[in-house]
Amino acid sequence: MTLHILLLTADRKGLVWVTERIGFLAKGYGNFASVEKVKYLPDLGVAYSAWRDETAVVAWGKFEEYARNHPIDFSDSNAVGRLLNNFANEMLRPAQLSPYEKTPADGHKVRGMLFVTLGHSPRAYRVTVGLGPAVYTIYDEVMAVAGDADNPATLFVRYYYPRSNKTVKELLSIGIHTVR
């Protein structure tokens with residue numbers, strides 16, 4: 001599973017997003033593939049990614065069209081929250097889900113998306129795409145890890161992020177070390 005590390009700088013005017021780009025396809029034969037995991041839309045000033053299963057991948061593929069068909073001011077965090085929540089609800093028609101599927105309380109194990117608005121003060125959001133979709137603002141080391149959140153390497157982020165000065169250079173080191 002993909003591990004995403006998204007860390008905000010101390011002044012909240014910058015961020016670091018680290019994830020792997022190479023995917024292992026099968027055992028043996030040295031099979032690897034390069035996959036676009038973070039989609040950047042420069043004209044809208046946003047970037048996003050998804051993880052877990054086919055529903056999340058479909059959502060990832062449909063978000064650009066949805067955002068263009070529902071124009072908002074991406075610097076307005078309330079408008080962004082509403083857009084993301086409506087999008088998550090639209091991606092989840094009841095027939096798509098098992099009646100036994102539940103959204104875990106911590107939101108880490110359910111499929112989801114990361115969404116970042118770029119500009120003078122970037123904002124980062126985690127969107128759970130499960131029963132009872134929810135949008136969370138990412139602001140600390142707990143919400144900074146997504147995808148393979150149970151990976152033991154995430155302890156490195158949880159330990160060092162609060163203790164760092166949160167400069168881009170430090171955050172790159174923390175993120176890269178965690179993904180490796």
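Strand 6, residues 46-51, and strand 7 pair in the antiparallel sense over six bridges, where strands are DSSP runs of E with at least two residues, helices are runs of H or I with at least four, both numbered from the N terminus, and two strands pair if DSSP finds at least two bridges between them. Residues are numbered from 1 along each chain as its sequence is written, and side-chain values use heavy atoms, with hydrogens and water left out.

Within that pairing, Ala47 has Val116 of strand 7 as its bridge partner. Strand 7 also pairs with strand 8, residues 123-128, again in the antiparallel sense and over six bridges, and here Gly112 has Thr128 of strand 8 as its bridge partner. Strands 7 and 8 form a hairpin with five residues between them, and Gly119 in the turn has a positive phi of about 145 degrees.

How many of the six residues of strand 7 are buried? Six of the six residues, 112-117, are buried, so strand 7 is largely enclosed by the rest of the structure; buried here means under 20% relative accessible area, exposed over 50%, and partly exposed in between, with a 1.4 Å probe and protein chains only. In a regular strand the side chains alternate between the two faces of the sheet. In strand 7 both faces are covered, with Gly112, Leu114 and Val116 buried on one side and Met113, Phe115 and Thr117 buried on the other.

Let me turn to helix 2. Helix 2 covers residues 77-91, 15 residues in number, and reaches 21 Å from its first C-alpha to its last, close to the 21 Å expected at 1.5 Å a residue, the expected span being 1.5 Å times one less than the number of residues. The buried residues of helix 2 include Ala79, Val80, Leu83, Leu84 and Phe87, and its buried residues pack against helix 1 (54-69), strand 7, strand 8 and strand 9 (134-137), a contact meaning heavy atoms within 4.5 Å.

Next, the aromatic residues. Rings of Phe, Tyr and Trp (for Trp, the six-membered ring) pair if their centres lie within 6.5 Å, with planes under 30 degrees apart counted as stacked, over 60 as edge-to-face and the rest as tilted. By this rule the count comes to nine aromatic pairs. Tyr48 and Trp60 form a tilted pair, at 6.2 Å centre to centre and 55 degrees between the planes. Tyr48 lies in strand 6 and Trp60 in helix 1, so this pair ties together parts that are 12 residues apart in sequence, and both Tyr48 and Trp60 are buried. Tyr48, Trp60, Phe63, Tyr66, Phe74, Phe87, Phe115 and Tyr125 form one aromatic cluster.

Most residues other than glycine have a negative phi. Arg12, although not a glycine, has a positive phi of about 60 degrees; Arg12 sits in the hairpin of strand 1 and strand 2, which has six residues between the strands, and is partly exposed, with a relative accessible area of 36%. Strand 1 (residues 3-8) and strand 2 (residues 15-19) run antiparallel and are joined by five bridges, Leu8 having Leu15 as its bridge partner in strand 2.

Lys166 likewise takes a positive phi, near 60 degrees, in the loop between helix 3 and helix 4, but Lys166 is buried, with a relative accessible area of 19%. Ser164 lies in the loop between helix 3 (154-163) and helix 4 (168-179) and counts as buried at 13% relative accessibility. The side chain of Ser164 reaches the backbone oxygen of Tyr161 at 3.0 Å, and Ser164 touches Glu170, Leu171 and Ile174, not counting residues up to four places away in sequence.

Finally, confidence. The mean pLDDT of the protein chain is 79, and 81% of its residues reach 70 or more, pLDDT being the predictor's confidence in each residue, from 0 to 100. Confidence is lowest in strand 4, residues 32-34, at a mean of 54, and highest in strand 5, residues 39-41, at 92. Over residues 103-108 pLDDT stays under 50, and where pLDDT is low, the predicted coordinates should not be read in detail.

Conventions. Predicted model: local features only at pLDDT ≥ 70, side-chain atom pairs only at ≥ 80, totals over all residues. Polar contact = N/O pair within 3.5 Å; in protein donor to acceptor, adjacent residues only side chain to side chain.
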